[in-house]
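Me: I would like to go through this model term by term, asking what lies behind each description.

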Protein chains: 2
Amino acid sequence: MTKENTQFAILGLLTTGCNTGYTIKQMMDGSLNHFWKISYGQIYPTLKLLVDKGYATVEETKQEGKPDKKEYQITAKGEEALRGWLVNDVPNLETIKNELLLKLFFSRHQENTLTIEHIQLYKQKLQERYQTYETIKNDLSKHHMSNADATFWIITLDFGLITTKAAIDWCEETISKLMEV
Amino acid sequence: MTKENTQFAILGLLTTGCNTGYTIKQMMDGSLNHFWKISYGQIYPTLKLLVDKGYATVEETKQEGKPDKKEYQITAKGEEALRGWLVNDVPNLETIKNELLLKLFFSRHQENTLTIEHIQLYKQKLQERYQTYETIKNDLSKHHMSNADATFWIITLDFGLITTKAAIDWCEETISKLMEV
DNA sequence: GGCACCATGTAATTGGTTACATGATTTA
DNA sequence: TAAATCATGTAACCAATTACATGGTGCC
């Protein structure tokens, strides 16, 4: 049903303070957004699966002033499985589908002015992304340095920052290259 | 059945000298590999679809010394559709699933020496990728500068080169950061 | 004889998203 | 009273890959 990586993404989040499907989704959308994404349609069934595997336990909690929720806790077996997954080699690099590059590949069929506009728009989106990463990094640096996870979280953000910056530079270079012609 | 982008990727390739399912696949694996990928399971049904839509025509060709093949040709209607697709705005940036970053996010559960090894391995793969891009770029510069497409193909390669380079830099920075501790 | 290359295709399966369904509480 | 937030879940659908199926030619 769910891929191994996705299972461990969810299991891993149980070690970061998230313990309901809802908070896991929030964390995904907030802090893992730049390299992992997941929908409720996967989260809830996978949490069940983790319990079935003995990697986590559930407890239904009644809350005052809020709906009931199911709290998940990672088990010793789950922690072991997580460490086992961590030591496995990282597989080959994935190919990213990039629609802008796909269009660019065929852009001799189009006027350069239009192509330039597209790259400009793309650059804007990259800049927004860059700023989002910066904001998250600042928040993390301020409020969570006591958190043992924070060092690694910042490193993943740095990846996003560095590669996004490179892409922005490429946009600028490419735009001036296309304007020359 | 097939997504719009994938349809146009295949249709676009019909304008670049590819005219069989087989050569389209080869081109994909060779020159579009860094931003688009496709399997035969999609190519052949999609080629049929393009003919159904009137975007392409087929002709069965008997070859001496080689198996028969089906040659596809883009139609005027197909070219118009391609240009229509090109002018459309590029949608929002996609999230790339990056397994290394996912593991890194949870790496406080692991010894730093192991984490460093993983990053080193990842760096190696990035370097191989970088060299592949360089080779393709050199080939392209040497043999296809007469090709009207080549300018754009090189630009897409530059994207790969620049962002891969940035990722390699991040690996180095991260490794030395983790060794300090 | 076997491997590499050329060439086409389909069925089963996978791994996921989207849309749907429900409902309590707080705040504007 | 409407919207936002908290909270859980499933069924239908989608786009793709993988595995399977077939077969000719050239070369070592």
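Me: What pattern does chain A follow, read along the sequence?

Reply: Chain A follows α-α-α-β-β-α-α-α-α, where helices (H or I, at least four residues) and strands (E, at least two) are DSSP runs numbered from the N terminus. This is a predicted model, in which local features need pLDDT of at least 70 and side-chain atom pairs count only at pLDDT 80 or more, while totals for chains, interfaces and linings use all residues. Residues are numbered from 1 along each chain as its sequence is written, and chains are lettered from A and ligands numbered from 1 in the order in which they are written.

Me: What makes chain A more spread out than a compact globule?

Reply: Its radius of gyration, taken over C-alpha atoms, is set against the globule rule, 2.2 Å times the number of residues to the power 0.38. For 181 residues the rule gives 16 Å, and chain A has 21 Å, well over that value, so chain A is more spread out than a compact globule. Along the principal axes, the C-alpha atoms of chain A fill a box of roughly 65 × 35 × 35 Å.

Me: How many residues of chain B are in contact with chain A?

Reply: Counting two residues as in contact if their C-beta atoms, placed from the backbone, lie within 7 Å, 58 residues of chain B are in contact with 58 residues of chain A. Helix 7 of chain B gives the most to the side of chain B that touches chain A, with 14 residues.
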